[in-house]
Amino acid sequence: EQGDTLRVAVYYNEKVDVTAGATLNVTSTGTDFTATAAAQTDTNEVIFEGVIPAETADLSIVAQSIVGTIADTSDATASDLAISADAASAAETISIA
C-alpha cells in the first residue's frame with residue numbers, strides 16, 4: 001500500500017558484507033522507486049527497504065545490477081551484483097515481504 005515500507009531480500013550463496021547505501025530499483029505501473037540497504041555484515045540475506053510512493057501498483061523487480069558495494073566476508077572479493085531476469089522472477093532467489 002502507498003506509504004508502506006517495501007522490504008526486498010536478496011539471497012547470496014555466501015556470506016557477504018554490504019556498505020550502507022547499496023540500492024535496488026523497483027518498477028511499477030505508477031512511479032518507479034529505489035530500495036536501499038543499510039550496512040550489513042556476515043550475512044547471506046541482504047535486505048533492501050523503500051517507501052512505496054503514491055500512484056504505485058503492480059510492483060516488480062527486473063533484471064538489473066545492484067548499485068553499491070557487496071563483498072565476500074571471507075576475503076573481501078566483490079560479490080556478483082547482477083540480478084538476471086530468471087532470478088528476478090524466482091521466489092526462491094529474491095523474495096518480497
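Biologist: Which residue in strand 4 does threonine 36 stand opposite?
Modeller: Threonine 36 stands opposite glutamate 49. Strands are DSSP E runs of at least two residues, helices H or I runs of at least four, numbered from the N terminus. This is a predicted model, where local features need pLDDT of at least 70, side-chain atom pairs count only at pLDDT 80 or more, and totals for chains, interfaces and linings use all residues. Residues are numbered from 1 along each chain as its sequence is written, and side-chain values use heavy atoms, without hydrogens and water.
Biologist: How many bridges join strand 3 to strand 4?
Modeller: Two, and the strands run antiparallel. A hairpin of two residues joins them.
Biologist: And how do strand 1 and strand 4 pair?
Modeller: Antiparallel, over nine bridges. Pairing takes at least two DSSP bridges. Leucine 6 stands opposite glycine 50 in strand 4.
Biologist: Switching topic. How many residues does the largest nonpolar core have?
Modeller: It has 19 residues. Leu24, Phe48 and Ile66 have the most contacts inside it. Strand 1 gives the most, with six residues. Such a core is a set of buried Ala, Val, Leu, Ile, Met, Phe, Trp, Tyr and Cys residues joined through side-chain atoms within 4.5 Å.
Biologist: How far is tyrosine 11 from valine 46 in space?
Modeller: 6.3 Å, C-alpha to C-alpha, though they are 35 residues apart in sequence.

Technical notes:
Buried means under 20% relative accessible area, exposed over 50%, partly exposed in between (1.4 Å probe, protein chains only).
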